[in-house]
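Hi there,

Here is the structure I promised to pass on to you. Have a look at it first, and my notes follow below.

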Amino acid sequence: MEKIIYALWKVSAEEDARFTARLLGEIAPRLGGLAHAMRINVQDDSVATGTSPRMTSTRPQMDAVVQLWLPSANEPERAAVDAIIADAAPRHAAWLASESTIIANTLHPPTPGARTEGFSQIVFLGLPPRLSWHAWRDAWQRQHSAVAVDTQSNFEYVQNLIVRPLSYGAPAYVAMVEECFPAAALTDEAVYFDAAGDAARLAENQRLMMESCARFIDFDRIDCIPTSQFDIRPFQP
């Protein structure tokens with residue numbers, strides 16, 4: 001079983017609501033018979049007015065992410081999937097990923113096909129030129145993981161290590177991170193940093209998080225996107 005991450009850019013003339021409805025109502029059913037599991041993340045009206053972290057290095061920024069678990073990511077075996085994705089968004093990119101679940105969502109278990117509670121933060125990371133790949137991965141996965149858990153209100157935390165690009169011209173990301181937060185964290189940084197009602201804890205958690213992120217992130221090589229998460233078909237081992 002292999003995991004593929006697709007980033008989708010909608011046609012500019014298409015309204016956001018129509019794009020979301022088409023992904024969920026038309027594209028997801030077509031993909032359903034081809035994938036062992038499927039998750040769709042989309043920038044929609046539910047997250048549009050949030051003040052949670054949003055960073056852009058890819059312009060224009062992707063509008064949606066489709067995560068699929070397939071028997072094989074080899075090009076001939078995924079050709080039918082690629083064709084459906086192309087129907088969803090003529091501009092798209094794909095990567096093979098190795099997934100590591102740091103926090104499983106047991107607090108707000110998703111209902112298949114429904115919007116997951118709160119919001120999902122998707123982060124694509126590029127490799128800082130100042131670091132070797134091995135030094136970067138060590139700073140991220142060995143040193144940073146506990147900091148991200150201890151300083152935030154995330155109730156799901158999944159690290160996706162990019163194995164290789166699967167599409168021509170795919171941005172040279174090395175990782176994609178997904179974290180789910182309570183709805184209030186979308187507009188309240190104290191909730192986001194797990195410090196509601198405690199100004200000193202908020203300042204300390206922000207300091208710890210930023211210091212840790214600076215070790216492995218160049219902030220001109222990051223896309224941080226609030227999304228609505230739809231677990232169309234949750235992964236079953």
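Let me start with the cysteines. C180 counts as buried, at 1% relative accessibility. Please keep in mind that this is a predicted model. The closest cysteine sulfur to that of C180 belongs to C224 and lies 13 Å away, too far for a bond. C213 is also in no disulfide, with the sulfur of C224, its nearest, 9.4 Å away. With 9% relative accessibility, C213 counts as buried. Taking 2.5 Å as the limit between sulfurs, the count is zero disulfides.

The largest nonpolar core has 30 residues, and F119, L125, W136, W140 and F216 have the most contacts inside it. Several elements each supply at least two residues of this core, among them β5 (119-126), α3 (133-151) and α5 (199-214). If you click on W136, you will find it touching residues including L127, P128, L161, V174 and F216. There is also a second, separate core of 26 residues, which includes L8, L23, A35 and L96.

Finally, α5 deserves a look. Its 16 residues reach 23 Å from first C-alpha to last, close to the 22 Å expected. L202, N205, M209, S212 and C213 are buried in α5. They sit on the same side of the helix, because they cover an arc of only 110° around the axis. A199 and A200, on the other side of α5, are exposed. The cover over the buried residues includes α3 and α4. At the start of α5, a side-chain oxygen of D198 comes within 3.3 Å of the backbone nitrogen of A200.

Best wishes

Technical notes. Residues are numbered from 1 along each chain as its sequence is written. This is a predicted model: local features need pLDDT of at least 70, side-chain atom pairs count only at pLDDT 80 or more; totals for chains, interfaces and linings use all residues. Side-chain values use heavy atoms; hydrogens and water are left out. Buried means under 20% relative accessible area, exposed over 50%, partly exposed in between (1.4 Å probe, protein chains only). A nonpolar core is a set of buried Ala, Val, Leu, Ile, Met, Phe, Trp, Tyr and Cys residues joined through side-chain atoms within 4.5 Å. Helices (H or I, at least four residues) and strands (E, at least two) are DSSP runs, numbered from the N terminus. Contact means heavy atoms within 4.5 Å. The expected span of a helix is 1.5 Å times one less than its number of residues. The arc is that of the directions from the helix axis to the C-beta atoms. A polar contact is a pair of N or O atoms within 3.5 Å; within protein, one must be able to donate a hydrogen and the other to accept it, and residues adjacent in sequence count only if both atoms are side-chain atoms. Lists of a residue's contacts leave out its neighbours within four places in sequence.
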